[in-house]
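Hello,

Here is the structure for your files. My notes follow below it.

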Amino acid sequence: MEGAEEIQKTPLENQDLDFNFLHQTVGVFVAEYGWYLLLMTVCLYMLIQHLVNKRDSQSSSASEPVQDPISVAARLEALAASRQKMQDELDAKAALFREKQQQLEEEKRRQKIEMWENMKQGKSTKGNSKIAQSTEEASTSTSTLKPKTEKKALRKSGYNPLSGGGGSCAWRPGRRGPSSGG
């Protein structure tokens with residue numbers, strides 16, 4: 001029995017599971033394939049997130065409460081009523097615009113008829129209105145007309161821009177044709 005006690009006193013060690021050996025093996029593996037492991041981990045995380053979001057969206061769409069037809073019909077009627085109100089406002093604005101356009105066309109037509117009548121009588125079509133306005137202004141205004149003052153001419157009377165004289169630029173275009181050379 002003495003031999004059996006010796007066996008029990010000595011600690012049991014497994015040489016295959018040595019911690020130092022395991023540490024060295026894992027370190028070499030991570031050093032060789034670390035970037036690949038990181039990339040696979042990120043892809044796996046993104047795939048799991050995508051599947052969870054997809055499942056949540058499917059469950060939320062399936063769990064939406066079914067709306068009763070009465071509330072749907074009421075909402076559709078309110079929508080139709082608001083659309084009809086906007087259409088009525090638009091129609092009213094369009095009718096106002098058409099009425100203004102007709103008034104403008106009627107005014108233009110009346111002016112053309114008046115101009116035609118003046119032309120038949122031999123009167124000036126545009127001059128009459130200006131003369132009538134000026135006579136009305138002259139009769140209503142009490143001030144006298146001022147005579148025009150003589151203005152100084154900007155350039156001499158003999159100035160001709162095409163003559164080429166008197167300017168600081170004396171450039172002239174060169175001869176056309178090939179250059180003469182020997």
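Helices (H or I, at least four residues) and strands (E, at least two) are DSSP runs, numbered from the N terminus. The model is predicted: local features need pLDDT of at least 70, side-chain atom pairs count only at pLDDT 80 or more, and totals for chains, interfaces and linings use all residues. Residues are numbered from 1 along each chain as its sequence is written, and side-chain values use heavy atoms, with hydrogens and water left out.

Salt bridges

The structure has three salt bridges (a side-chain nitrogen of Lys or Arg within 4 Å of a carboxyl oxygen of Asp or Glu). E114 and R110, four residues apart in helix α3, are separated by about one turn of the helix, and their side chains form a salt bridge at 3.4 Å, N to O. Salt bridges with shared partners join E107, R110 and E114 into one network. The E107 to R110 contact is 2.4 Å, N to O. R109 pairs with E106, also at 2.4 Å, N to O; both lie in helix α3 (residues 69–121), three residues apart.

E114 counts as partly exposed because its relative accessible area is 44% (buried is under 20%, exposed over 50%, partly exposed in between; 1.4 Å probe, protein chains only). R110 is partly exposed at 41%, and E107 is partly exposed at 33%.

Annotated span

The unreviewed UniProt entry annotates residues 33–52 as "transmembrane region"; positions follow the numbering used here, feature names are shortened, and annotations may be inferred rather than shown by experiment. In the model this span is 100% helix and 0% strand, with its end C-alpha atoms 29 Å apart.

Regards
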